[in-house]
Amino acid sequence: MKVLNNTSVKKFLKYSPVILLVSLIIFSFKSHGNKSELEDEFFKEKKLLQKELDKIVADYKEITTKKKWLTKRVVNGMNKIIALKDSVEQMKKVNYDLLFKYSLKVTKLERENRKLFLKVESLREQNKKLRDENTSAKKKLNEGNESYKSLLETNKKLKSEEKVLKDKIGVAGILKISSVKVEALKEKNNGKYTTTTRSKKIDAFRVKFDILPNDLANIGNREIYIQILDDHNNGVPSERSGSKNEISYNDLINVDYDREKISVVSLISVDRAAMHKGEYSINVYIGKRKVGKSSISLR
């Protein structure tokens with residue numbers, strides 16, 4: 001809604017044709033007894049009233065031209081005043097009664113339109129207040145939306161950073177082992193073992209390594225798989241051979257990890273008749289993850 005010009009409204013509200021007319025009639029009847037003089041005065045007063053009506057109509061037109069939103073009642077009132085102005089202009093004879101009647105009608109219409117203008121002005125003020133409140137609410141809403149978007153971006157960034165941190169902690173928390181040491185053994189008559197490199201003499205493999213300490217690793221049970229493969233990548237049969245989590249193994253060891261170093265020793269008995277010359281690989285897994293390897297050559 002456009003703003004009503006206060007100057008135009010005040011200009012419109014200042015008119016008072018009744019006072020003008022009453023002054024005209026009192027002056028005419030009390031001050032002029034001569035008919036000729038009375039007629040002259042009548043037309044002077046008529047001309048004065050026309051001039052005032054011209055100003056009213058001009059102001060009406062100015063307001064209605066600028067204020068397209070004015071109600072039909074206001075526009076209709078203006079049109080009626082224009083019609084009465086034309087009627088006054090068409091008066092060619094002295095007729096105080098008709099002039100008085102027109103003036104009263106103009107005054108009545110003007111008063112009604114004045115009320116309408118005041119009402120429109122009041123509604124305009126209310127509307128402006130509502131617009132200001134709406135603008136303020138939209139501003140706060142936009143600020144809230146921007147704040148929400150900022151929080152979302154911050155939350156997204158924090159989640160990303162958290163993931164990176166978790167990944168780093170996850171990597172840092174992975175268990176590692178020392179170098180894997182492997183010995184080929186033959187069993188003596190007294191049950192003791194001595195080292196050998198001859199495939200036809202071998203009865204067992206001894207595998208040794210340490211699980212290293214890690215303050216970031218989870219505490220709890222760990223399954224350790226030790227796998228022995230020949231030079232054709234075939235598993236070597238042993239007493240405790242098996243398969244779990246898609247890993248074939250020669251020994252499965254459970255340890256209770258508490259972030260301290262744990263020394264692991266595995267003695268894997270094999271069938272001497274199944275052994276042959278070549279390079280043997282020893283792989284160590286903790287869970288599904290390969291953590292170490294070594295090799296040994298037999299002749």
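Reader: What percentage of the 299 residues in the protein chain is buried?
Author: The model is a predicted one. The chain has 5 helices and 10 strands. A residue counts as buried when its relative accessible area is under 20%. In the protein chain of 299 residues, the share of buried residues is 34%.

Reader: What share of the accessible surface of the protein chain belongs to carbon and sulfur atoms?
Author: The accessible surface of the protein chain amounts to about 19200 Å². The part of this surface that belongs to carbon and sulfur atoms is 51%.

Reader: Which residues touch the most other members of the largest nonpolar core?
Author: The largest nonpolar core holds 30 residues. Among the elements that give two or more residues to this core are strand 1 (181-187), strand 3 (204-211), strand 4 (220-229) and strand 8 (262-269). A second, separate core has 8 residues, including Leu53 and Ile81. In the largest core, the members that touch the most others are Phe205, Phe209, Ile211 and Ile224.

Reader: Which residue in strand 9 is the bridge partner of tyrosine 225?
Author: Strand 4 and strand 9 run antiparallel and are joined by 6 bridges. For tyrosine 225, the bridge partner in strand 9 is tyrosine 285.

Reader: Which residue in strand 3 is the bridge partner of lysine 181?
Author: Another open sheet of 4 strands has the order 2-1-3-8, with antiparallel pairing. Its edge strands, strand 2 (193-195) and strand 8, each pair on one side only. Strand 1 is joined to strand 3 by 5 bridges, and the two run antiparallel. In strand 3, the bridge partner of lysine 181 is lysine 208.

Reader: With the side chain of which residue does the side chain of serine 266 make a polar contact?
Author: Arg206, Arg240 and Asp251 are also among the residues in contact with serine 266 when neighbours within four places in sequence are left aside. The polar contact between side chains has a distance of 2.5 Å. The partner of serine 266 in this polar contact is aspartate 251.

Reader: Is lysine 288 buried or exposed?
Author: Lysine 288 is located in the loop between strand 9 and strand 10. A residue counts as exposed at over 50% relative accessible area. Lysine 288 has a relative accessibility of 67%, so the residue is classed as exposed.

Reader: What distance separates the C-alpha atoms of lysine 288 and asparagine 245?
Author: Leaving aside neighbours within four places in sequence, lysine 288 is in contact with Asn245 and Ile247. Lysine 288 and asparagine 245 are 43 residues apart along the chain. Their C-alpha atoms are separated by 6.8 Å.

Conventions:
Residues are numbered from 1 along each chain as its sequence is written. This is a predicted model: local features need pLDDT of at least 70, side-chain atom pairs count only at pLDDT 80 or more; totals for chains, interfaces and linings use all residues. Side-chain values use heavy atoms; hydrogens and water are left out. A nonpolar core is a set of buried Ala, Val, Leu, Ile, Met, Phe, Trp, Tyr and Cys residues joined through side-chain atoms within 4.5 Å. Buried means under 20% relative accessible area, exposed over 50%, partly exposed in between (1.4 Å probe, protein chains only). Two strands pair if DSSP finds at least two bridges between them. Accessible areas come from the Shrake-Rupley method with a 1.4 Å probe; for residues, only the protein chains shown count as cover. A polar contact is a pair of N or O atoms within 3.5 Å; within protein, one must be able to donate a hydrogen and the other to accept it, and residues adjacent in sequence count only if both atoms are side-chain atoms. Contact means heavy atoms within 4.5 Å.
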